[in-house]
Amino acid sequence: MAVSGQGCMAQETTVQEIGRLVVVGVGLIGGSLALGLKAARGCREIIGVARRSEVCEQAVALGVVDRAVTDIETILPELEPGDVVFVAVPTLAVEAVFAQLKNGLPGGVVVTDGASVKGSVVTAAQRVWGDVPDFLVPGHPIAGSEQSGVTAARDDLYIAHRIILTPMENTDEQHLRRIQTMWESVGAEVLTMPVAEHDEVLAATSHLPHVIAYGLVDTLAHDAENENIFRYAAGGFRDFTRIASSDPVMWRDIMLANRDAILKSIDLYTSNLDSLRSAIASGDSERLMGVFTRAKAARDHFTKMLAKKAYTETMQATEVTFVARPGGAVNGDLRVPGDKSMSHRSIMLGSLAEGVTEVEGFLEGEDALATLQSFRDMGVVIEGPVDGRVTIHGVGMHGLQAPPGPLYVGNSGTSMRLLAGLLAGQAFDSVLTGDESLSKRPMNRVANPLREMGAEVETAEDGRPPLKIKGGRALKAIDYTLPMASAQVKSCVLLAGLYADGKTSTTEPAPTRDHTERMLAGFGYEVLRDASRASLVGGGSLTACHIDVPADISSATFFMVAASIAPGSDVLLRHVGINPTRDGAINILRAMGADITLENRREVGGEPVADIRVRYAPLKGIQIPEDQVPLAIDEFPAIFVAAACADGETVLTGAEELRVKESDRIQAMADGLRILGINAEPTPDGIVIQGKGGDSAAPVFGGGVVDSLGDHRIAMSFAVAALRAGADIRIQHCANVATSFPNFAELARRAGMNLEVS
Ligand SMILES: O=C(O)C1=C[C@@H](OP(=O)(O)O)[C@@H](O)[C@H](O)C1
Ligand SMILES: C=C(OP(=O)(O)O)C(=O)O
């Protein structure tokens, strides 16, 4: 029988990538492709095939297909090259459809399918055709809902969903491309993978959850008390079991068709469930917290990935632009987020300590979270962060476990370099990887001293990441003189020294931040310090402690500069760390004439802290003393903005390290400042900036579009510049502001800046 409707596709509009679409099985999956293609005007005609004539009539009446037949063989003679047959029937019914196609399918027609198991589709094709034909493109749309049938079909089902195609070696390229284009035209993202891999991945991520949901609901439904159980079942039950309403025939077929891979997943899950059961039975709270915190972190991460906010590559892909409107002043009482350097170290030392370390003020930025995730990956139970509070269940110096894969530390140089030192002392092999920016940064500065200690460290070309570190090496202590002023290198060597035989020493050419030394002492580990030299003897242990992380002076600097350049400003920055190895920005800005006072000075957990008050004051250009450079190393992008607003010339020398940060910060700032009308001359180790300021509110910067090159500090510096701009400053590639200062835009607006994020 055949049913016809009136609506054909609008033939005149699009390039016809495919001619006709024949949908065999007009349910949710097949019907939604038909509706999606119709909406996209992606083909000439859509013919439905359904076994029951009522379904054919319904599909035409609903406008899902243009016409429908109950027997596919009747329409095969009409098909032409470029037409597509989409087999969207339950997995075990695919073979019968292939058998019907075998004798009448004209050449040039491509066949694809939507079954959730690909191995059984390939086997079905082999049984019917003797081998998998080159016109068959096995596929699987990762989309659906617990609803089924043609009435559930929607034209937007595939938008932003993934389609996995599993082409064979002999699959015709043109056919593959046609199917790819078809899915892309309904808004899907297409990827390809081998058949076996597909079936294993799906067994774990889709088939196992369905087994569990069906099993749980069935267990409860058989319970004598089920009425009561269902009456009281709330959101958790509903969320967890939604998929038990899915089509039973489809899921029976999937279980039978993907038997081996599903059994493997069930066995793994059963052994985990057994271990959870025994943890509950024996009251093993530590093990329960381990499973729950790891699972929560993984689930939160997945949620962020879906929202495109995760700190993995997905975040890099997110485009964030700052539009900073001109003018304004900053005022009020602010607390910027926790110190990044101390947050990293609190996780590292807390993980290796004996006992439970409580951290407050932890920076919930992507960099510190990358360190936290690395230790979770190595088996450490870490609760939080919740409102800056983190609880770390230390595993002791030798309690880390081999991570399941490479440790990905995103944009964070500190994570990679400090972790390299610790990992060199472990019994297991490890790999450290990072994002595009980190993958360009020099790592031989840590690999070389580690090799001197006997570690086996491999880098990619030119000493770049990834770092491959062999475990099980006996480390020997060294006396290392740093070739550059770098706290990361110093810390890396000292942390490896914890595992070395004997006394490891570092000597630095200029003082750099000493948080590692201070925090080790806070954890009860003796560090000898004598002028530029720090030493420790390996083989000791760390004792858990409480850590109060103060606000990050590097983040506070954006507001110190903002208040210093914008007339009418007066801000109080609360609880900021003013460690003398970090206070270069205060010293430099004061030397330029800034009005900065330190109030309520105190010591918190071995670190000096104060509330910093900054009021507007006219600035003058200076020659920046070289001894201040390592003490303000991350603050220069913001200081350059202050220099542009000062009266006269500012000269920076001895700062070549700025060229190997998240970007080449000398070049990035010089380029941006020039675009905004400032005379800024980069030199190999610094910059010369001609200030345009003085004591007035007149604009210093013109408007324009500047590129932060994905460097958080460049992005925030140009946002501050807008306070003295004459027109909008548009700053590109700002997503990485989240690495160190996730709520920057919100705090900036609260203080009085006019900053839009798009
Ligand atoms: O040890 C640390 O926490 C850091 C040291 C500095 O890097 P270098 O050691 O490369 O100077 C700094 O730029 C970075 O933001 C944090
Ligand atoms: C240089 C920085 O960080 P890292 O080296 O950890 O990437 C920074 O935060 O400015």
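This is a predicted model: local features need pLDDT of at least 70, side-chain atom pairs count only at pLDDT 80 or more; totals for chains, interfaces and linings use all residues.
Residues are numbered from 1 along each chain as its sequence is written, and chains are lettered from A and ligands numbered from 1 in the order in which they are written.

Domains to begin with. The protein chain divides into domain 1 (2-193), domain 2 (201-283), domain 3 (322-331 + 554-757) and domain 4 (342-548); these bounds come from an automatic or database domain assignment.

Now ligand 2. Around ligand 2 sit D367, S412, G413, T414, D634, K661, E662, R713 and S740, where a residue counts as near if its C-beta atom, placed from the backbone, lies within 6 Å. Domain 3 and domain 4 both contribute to this shell, so ligand 2 lies between them.

On to ligand 1. Its shell consists of S341, T414, S486, A487, Q488, S491, R513, I633, D634 and E657. Domain 3 and domain 4 each supply at least three of the residues in the shell around ligand 1. Helix α17 (residues 487-497) gives the largest share, three residues; helices here are DSSP runs of H or I, at least four residues, and strands are runs of E, at least two, numbered from the N terminus.

Last, the strands. Strand β9 (residues 162-165) runs parallel to strand β10 (residues 189-192), joined by four bridges; pairing requires at least two DSSP bridges. L165 has T192 as its bridge partner in β10.
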